Amino acid sequence: MDGCGELQQLPEQLPAGLISLECSNCSALEQLPVHLPHKLEQLTVSGCKALEQLPKLPPTLQELECSRCSKLQQVPELPPTLLIFEWR
């Protein structure tokens, strides 16, 4: 998703087979679902200025990128499968 400026939250149930999720320039996005899909391998949040925290990350996550999310101060425990982690 890109440029969904009014979007405040995603549905609690995302597709179970989702392997990549990108939220860019969703400035009103306050939270991600508490339970991210178990097959998720890539998560990118960029320009989500209202996002304060990330939920528990799935054990399959390989890539996490967080940039320009000014209220996001910390991330949860990183899974051992994580290969790429970018924080800007």
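Let me start with a term: a residue is partly exposed when its relative accessible area falls between the buried limit, under 20%, and the exposed limit, over 50%. Keep that in mind. One more thing before we look: this model is predicted.

Now, the salt bridges. How many does a search of the whole structure find? It finds 2.

Take Glu-65 and Arg-88. Their side chains meet in a salt bridge, at 2.6 Å from N to O. Where do they sit? Glu-65 is in strand β3, residues 63-67. Arg-88 is in the segment after β4, which covers 84-87.

Next, Glu-86. This residue also forms a salt bridge with Arg-88. Here the closest N and O atoms are 3.0 Å apart.

Buried or exposed? Glu-65 has 18% relative accessibility, so it counts as buried. Glu-86 has a relative accessible area of 32%, so it is partly exposed. Arg-88 has 59%, so it counts as exposed.

Why can such side chains pair at all? Opposite charges can pair when the charged atoms come close.

Last stop: Ser-24. You will find Ser-24 in strand β1, residues 20-24. Its relative accessibility is 7%, so Ser-24 counts as buried. What does its side chain touch? A polar contact of 2.9 Å joins it to the side chain of Glu-22. Leaving aside neighbours within four places in sequence, Ser-24 is in contact with Met-1, Asp-2, Gly-3 and Ser-46.

How values were computed:
Residues numbered from 1 in each chain as written. Predicted model: local features only at pLDDT ≥ 70, side-chain atom pairs only at ≥ 80, totals over all residues. Heavy atoms only, no water. Salt bridge = Lys/Arg side-chain N within 4 Å of Asp/Glu carboxyl O. Helix = DSSP H or I, 4+ residues; strand = E, 2+ residues; numbered from the N terminus. Buried < 20%, exposed > 50% of the residue type's maximum accessible area, 1.4 Å probe, protein only. Polar contact = N/O pair within 3.5 Å; in protein donor to acceptor, adjacent residues only side chain to side chain. Contact = heavy atoms within 4.5 Å.
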